[in-house]
Amino acid sequence: NNPVDQVSFDMVQAFLSGTGLRLPTEAEWEYAYRAGTETAFHGWPALTGGTNDELAAGAIAWYGLNSELQQTKPVGQKAANGFGLHDMAGNVVEWVNDWYSATYYASSPSVNPTGPSTGNFRVLRGGAWSAPGTWERASFRFMYQSNGVDSIFGFRVARNP
């Protein structure tokens, strides 16, 4: 019932080979997170337009202020976003398929950017059970080596139509 955690990007690739599934691009992940909102935190049934109030993040995310057991929680205990997706913010940060670049989005295509073709680090998105509220924001991203494993690293799959 809990999200997969403690996995590296490389471990996820080994799992995905032969399944027909893949990791989403960073742009796909953010689109899925936002679910039509333009706020820092996605909407949910009680506040469909989302919010910029970090203190409201507890409605949608397990993170440092409300995760007293310091571990992942069963998926679906927090409110879903407008697409019905749970735990886009919080619980575990999620590997996406993109290489990390601090400058890529300044000159990338405005529709469906696929990320840089090479790099030294991979991107993770979303927040985590041990993270501050700022990590739960739609725009939060960070980088890590593809073989890196941490108790907060997880993933979400995508499927081509």
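**Sheet, pocket and selected loop residues of the predicted model**

In strand E3, Arg122 and Leu124 point one way and Val123 and Arg125 the other way, and all are buried (buried: under 20% relative accessible area; exposed: over 50%; partly exposed: in between; 1.4 Å probe, protein chains only). Helices (H or I, at least four residues) and strands (E, at least two residues) are DSSP runs numbered from the N terminus. The structure is a predicted model, in which local features need pLDDT of at least 70 and side-chain atom pairs count only at pLDDT 80 or more, whereas totals for chains, interfaces and linings use all residues. Residues are numbered from 1 along each chain as its sequence is written, and side-chain values use heavy atoms, with hydrogens and water left out.

Strand E3 belongs to an open sheet of four strands in the order E4-E3-E2-E5, with mixed pairing (two strands pair if DSSP finds at least two bridges between them). Strand E4 (141-144) and strand E5 (153-155) stand at the edges with a single partner strand each, so one side of each has no neighbour in the sheet. From one strand to the next, the twist averages 50 degrees (axes are lines fitted to C-alpha atoms, for helices over the stretch in contact, and angles run from 0 to 180 degrees between N-to-C directions). Strands of a sheet pair through backbone hydrogen bonds, in either the parallel or the antiparallel sense.

The pairing of E2 (residues 93-99) with E5 is parallel and runs over three bridges; Glu94 has Gly154 of E5 as its bridge partner. Helix H1 (residues 9-16) packs on the sheet and touches E2, E3 (122-125) and E5, and its direction makes about 85 degrees with that of E2 (contact: heavy atoms within 4.5 Å). E2 and E3 pair in the antiparallel sense, also over three bridges, and Trp95 stands opposite Leu124 in E3. E3 and E4 run antiparallel and are joined by four bridges. In this pairing, Arg125 has Arg141 of E4 as its bridge partner.

The largest pocket has a volume of about 280 Å³. Pockets and cavities were assigned on a 1 Å grid over the protein atoms alone: a cavity is a set of points where a 1.4 Å probe fits but cannot get out, a pocket is an open set with protein on both sides within 12 Å along at least five of seven lines, and lining residues have an atom within 4 Å of a point. Grid points are joined across faces, edges and corners, and the volume is the space filled by probe spheres set on the points. Of the 17 residues that line the largest pocket, Glu26, Ala27, Glu28, Glu30 and Tyr31 are the closest to its centre. H2 supplies the largest share of this lining, six residues. By class, the lining of the largest pocket divides into seven nonpolar, four polar and six charged residues (nonpolar: Ala, Val, Leu, Ile, Met, Phe, Trp, Tyr, Cys and Pro; charged: Asp, Glu, Lys and Arg; polar: the others, Gly among them).

Thr25 lies in the loop between strand E1 (21-22) and helix H2 (26-34). Thr25 is buried, with a relative accessible area of 13%. Residues up to four places away in sequence not being counted, Thr25 touches Val96, Asn97, Asp98, Pro113 and Thr114.

Three further residues are located in the loop between H2 and E2. Ala35, in this loop, has a positive phi of about 45 degrees although it is not a glycine, and counts as buried at 15% relative accessibility. Asn66, also placed between H2 and E2, is likewise buried, with a relative accessibility of 15%. Apart from residues up to four places away in sequence, Asn66 touches Gly58, Ala61 and Lys78. The C-alpha atoms of Asn66 and Ser130 are separated by 9.1 Å, the two residues being 64 residues apart along the chain. Ser67, in the loop between H2 and E2, counts as buried at 0% relative accessibility. Beyond its neighbours within four places in sequence, Ser67 is in contact with Trp62, Lys73 and Trp129. Ser67 and Glu26 are 41 residues apart in sequence, with a C-alpha to C-alpha distance of 26 Å.

Gln6, found in the segment before H1, has a positive phi of about 60 degrees although it is not a glycine. At 45% relative accessibility, Gln6 counts as partly exposed.
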